[in-house]
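Here is a short report on one protein chain. Please look over the sequence and the 3D view before reading on.

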Amino acid sequence: SMTFLWSQAQGPAIQSKYLTQASSILWVPWSALQSAQTYTFTLTVSQQGLASSTSFSYQVVTSALPLVASISGGSYVSIPQSSALTLDGSQSRDPNVPSNVNQN
């Protein structure tokens, strides 16, 4: 039977648990990768009982998603001229930051 060995050759280090999968498929969640980075992963395939193996490298370039601006209260506000205007942008977010991280 064939054995599969994944390694990372370039880019910010990812958790080793993703590379120790003895599978033909490498699965890494988006939250494990940093935005605007280049990663190179190498797969080495060998067959039990044979001394030879073959490797293939694959490059992944991640891009940064644009910031998401949000103002609470809708897109139209009407107030008297003598009133102060308060707008709340606290729901704006950076989609490159995992959802479990507080952004405010």
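Is Tyr39 buried or exposed? Tyr39 counts as buried, at 1% relative accessibility. Buried means under 20% relative accessible area, exposed over 50%, and partly exposed in between, with a 1.4 Å probe and protein chains only.

This is a predicted model: local features need pLDDT of at least 70, side-chain atom pairs count only at pLDDT 80 or more, and totals for chains, interfaces and linings use all residues. Residues are numbered from 1 along each chain as its sequence is written, and side-chain values use heavy atoms, with hydrogens and water left out.

**Overall form**

The protein chain holds 1 helix and 3 strands. Their pattern along the sequence is β-α-β-β. Helices (H or I, at least four residues) and strands (E, at least two) are DSSP runs, numbered from the N terminus.

The C-alpha trace spans about 85 × 20 × 20 Å along its principal axes. The radius of gyration of the protein chain is 23 Å, whereas a compact globule of 104 residues would be near 13 Å. That radius is taken over C-alpha atoms, and the globule rule is 2.2 Å times the number of residues to the power 0.38.

Of the 104 residues, 14% are buried. The accessible surface of the protein chain comes to about 7,900 Å². Carbon and sulfur atoms hold 54% of that surface. Areas come from the Shrake-Rupley method with a 1.4 Å probe; for residues, only the protein chains shown count as cover.

**The sheet**

The 3 strands form an open sheet in the order β1-β2-β3, with antiparallel pairing. At the edges are β1 (2–10) and β3 (53–61), and each pairs on one side only. Two strands pair if DSSP finds at least two bridges between them.

β1 and β2 (residues 38–47) share 8 bridges in the antiparallel sense. Thr3 has Ser46 in β2 as its bridge partner.

β2 and β3 are also antiparallel, over 9 bridges. Phe41 has Tyr58 in β3 as its bridge partner. These two strands form a hairpin with 5 residues between them. Gly49, in the turn, has a positive phi of about 90 degrees.

How many of the 9 residues in β3 are buried? The count is 0, and β3 is hardly covered.

**Aromatic pairs**

Rings of Phe, Tyr and Trp (its six-membered ring) pair if their centres lie within 6.5 Å; planes under 30 degrees apart count as stacked, over 60 as edge-to-face and the rest as tilted. By this rule there are 2 aromatic pairs.

| Pair | Type | Centre to centre | Angle between planes |
|---|---|---|---|
| Tyr18 and Trp27 | edge-to-face | 6.5 Å | 65 degrees |
| Tyr39 and Phe41 | stacked | 6.1 Å | 0 degrees |

Consider the cover of each ring's residue. Tyr18 counts as buried because its relative accessibility is 13%. Trp27 is exposed, at a relative accessible area of 54%. In the stacked pair, Tyr39 is buried at 1%. Phe41 is buried too, with a relative accessible area of 6%.

**A loop residue**

Where does Ala36 lie? Ala36 lies in the loop between α1 (16–19) and β2. Its phi is near 60 degrees, a positive value in a residue other than glycine. Ala36 counts as exposed because its relative accessibility is 53%.
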